[in-house]
Amino acid sequence: MRENTDIGNDAPRPGPVVGALAGLLTLVAVGQAADIPSRLGYSYYTEQFLALVLGLSLALVFLMPWRAKHAGGERRSPGPLDWVLSVLGLGLSLYVTMAYPGLVGRAMSLPWDALIIGIALFVLVLEGLRRTVGWTLVIVVLAIVGYGLIGHLVPGALQTREVAPPRLAVYLGFDPNGLLGLTLGVAATVVVAFVFFGQLLLRSGGADFFNDIAMASMGHRRGGAAKISIVASGLFGSISGVVVSNIVATGVVTIRLMVQSGFRRSTAGAVEATASTGGQIAPPVMGAVAFLMADILQRPYTEIVVAAIVPALLYYVALFVQADLQAAKQEIKPLDTADMPAVGRVMKKGWVFILPFAAIILALFSFNQRAETAALWGSLGAIVIGLVVGYGKTRMSFRDLWGAAVETGRSITEIIMISAAAGFIIGVLNVTGLGFAATFALVDLGQGSLFLLLFISALVCLVLGMGMPTVGVYLLLAVLIAPSLVETGVEPIAAHLFIFYLGMMSMVTPPIGIGAFFAATIANAPPMKTAWEAMRFGWTAYIVPFLFVFSPALLLIGDPLEIVLAVGSAVLGVYAISAAFVGWMRGVVGLAARIAIGLAGVLLIVPPGVGGLATLWLNGAGLILLFAMWLLAASGRPARAGAQMTDT
């Protein structure tokens, strides 16, 4: 599987048909988010809107050039079959849009038109899925649907209800729990709205402002180039929701800066890949997943954002500490201050870009608006700023508004296909009872051990998340894995954050770390070496999810004193383990000292809520050991030549 890179600067220009379809897709979704049809007096089923969005997306999928492993490169012009599939997907979906009230009323009698359309849309969505993300998710969908057809013949805990194939086809195609259900609905409203906001921010000069403020605030510090990458990628990635696009937007500048300042090429690629991935888990937007999680869990958006603060903090603490200590170890100096913009000048020129985010927060918290409506508030702010003020030489034109709509439609198509596939999976799990059976089987596989269940779930998340965009990762895992964790008594927010973190880390985890490989290409570094370094930089995302499942204090849930102790101890533990990885603490440390520092970090990072008083004693022992190692750390410096090492 792979992630769409069409948002990047190297994307081919869309043809007129693709541009028109993509722009129309965005306008339809934005109109729905703004409730324009209802305000004009039109009454319709939500499923009719979703069918229209699906049709436009299918038409786009078959006409757009996708860079896929099985295609042997990029196909720039559609062939006759592509046009046929495009027209067929759009035509069938338009028929559903127009005839849905009658179709759903006759669904129980399995009418021939509903049966044919249900099967045809299933095949078209799977082909669109294959073109956008490859075979892996297609095989997952086919396996689950196939099991739904024969599951009643399987003895034991995984036995399901018998559902006839025609009944299943109509159910998946037209029931609100199937194709035209929650996952497609969230993608067609919330995700489109935030991707559109990101595109407008990019064209109004917001991305340049993010880069400049990162450079101004971090460039004069030790290892400043890496810290610029971390800040810029974190800021941009939280909005973009697409890791590879984030790497394209920021990495082409930051990776070059890191290499020029003395970082190894593999390290530069790893820092950019890890920082871009981390942007997806950083509140308040989290690549739009925060809003999806709130919808799925039926919890206030504020609860999701608050719970995600500490895990994201620990992630970036580890990244910053390792970048700083690596720079100290290699004697990498700050960037030339003559090339650095002043913070005051940058803020004076670009402070207005804070206003769109303020508008989103105001809409969410003060006016209790829906997430997609809040995104439109931010979009309106970005449009006004871009047209009237801009940033530096970047100024938005009215033509850019249509360009943002087109790029949004093109980039959202992949997520629409994944969401549609998730709808098929949800439909099978519901109508056959497979969801309950699978949850029971996974819990039973854990044999009563929550840690074993979490470990198995983590492996599944890393495999299923390979190469998919943020929203797709979360939607798929929220359907397949999260219910089993909640069933065992895990706090629902902790369960959903657990699967999201582990799923996202598939972007940098070998053997298919798409984000790390893409960054390695820009850095001209060995891909596997870059991926392993990215895993090291982002190590907290593999460990902390286990900790906050056992101790919700790391999600700011529970007793205030326990929360303070857990967070403080975890920050010190993250610092210690990161220092042990790098091998630097006030100077180069040897193997024995690294082991001791790492042990101190392990003792510190275990939250007090896991083992009660015994854990507090472990935390205390870790603190004493860390302090002792700090006092004993050598003050020597590595050879100057170490700062010039590069990968070949």
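Predicted model: local features only at pLDDT ≥ 70, side-chain atom pairs only at ≥ 80, totals over all residues.
Figure 1. Where do the two partners sit along the chain? Arg-299 is in the loop between helix H13 (289-297) and helix H14 (301-329), while Glu-491 is in the loop between helix H22 (482-487) and helix H23 (492-504), so this pair ties together parts that lie 192 residues apart in sequence.

**Figure 2. Arg-299 again, this time with Glu-303.** Arg-299 also forms a salt bridge with Glu-303, and here the closest N and O atoms are 3.1 Å apart. Are these two buried or partly exposed? Glu-303 is partly exposed, with a relative accessible area of 34%, and Arg-299 is partly exposed too, at 26%. For bookkeeping, the structure holds 12 salt bridges.

Figure 3. Glu-407 and Arg-410 pair up through their side chains, at 3.2 Å from N to O. Both belong to helix H18 (residues 398-432) and are three residues apart, about one turn of the helix. Glu-407 has a relative accessible area of 12% and Arg-410 has 2%; buried means under 20%, so both residues count as buried. Elsewhere, salt bridges that share partners link Asp-82, Glu-127, Arg-130 and Arg-131 into one network.

**Figure 4. Helix H25 and what covers it.** Zoom in on helix H25 (residues 527-537) and you'll find Thr-530, Ala-531, Glu-533, Ala-534, Arg-536 and Phe-537 buried. Which elements cover them? Among them are helix H12 (265-279), H14, helix H24 (514-523) and helix H27 (560-582).

Figure 5. Phe-451, Leu-452, Phe-455, Leu-459 and Phe-550 make up a nonpolar surface patch of about 450 Å². Which helix gives the largest share? That would be helix H20 (residues 450-464), with four residues. Phe-455 has its place in H20 and is partly exposed, with a relative accessible area of 41%.

**Figure 6. The largest pocket and its lining.** This pocket has a volume of about 850 Å³. It is lined by 36 residues, and those closest to its centre are Leu-429, Ala-438, Val-479, Leu-480 and Ile-481. Which helix gives the most to the lining? Helix H19 does, with eight residues. The helices that each supply at least two lining residues are helix H6 (135-150), helix H8 (182-204), H13, H18, helix H19 (434-445), H20, helix H21 (470-480) and H22.

**Figure 7. The whole fold, for context.** Stepping back, the protein has 30 helices and two strands. Of its 648 residues, 59% count as buried. Among contacts with a separation of 6 or more, 77% are between residues 24 or more positions apart. The accessible surface comes to about 24,800 Å², and 69% of that belongs to carbon and sulfur atoms.

Note on methods:
Residues numbered from 1 in each chain as written. Heavy atoms only, no water. Salt bridge = Lys/Arg side-chain N within 4 Å of Asp/Glu carboxyl O. Buried < 20%, exposed > 50% of the residue type's maximum accessible area, 1.4 Å probe, protein only. Contact = heavy atoms within 4.5 Å. Patch = residues over 30% accessible without salt bridge, like charges linked within 9 Å, V, L, I, M, F, W, Y side chains within 5 Å. Areas by Shrake-Rupley, 256 points an atom, 1.4 Å probe, with all protein chains shown as cover. 1 Å grid on protein atoms, 1.4 Å probe; cavity = no way out; pocket = protein on both sides within 12 Å on 5 of 7 lines; lining within 4 Å. Points joined across faces, edges and corners; volume = space filled by probe spheres on them.
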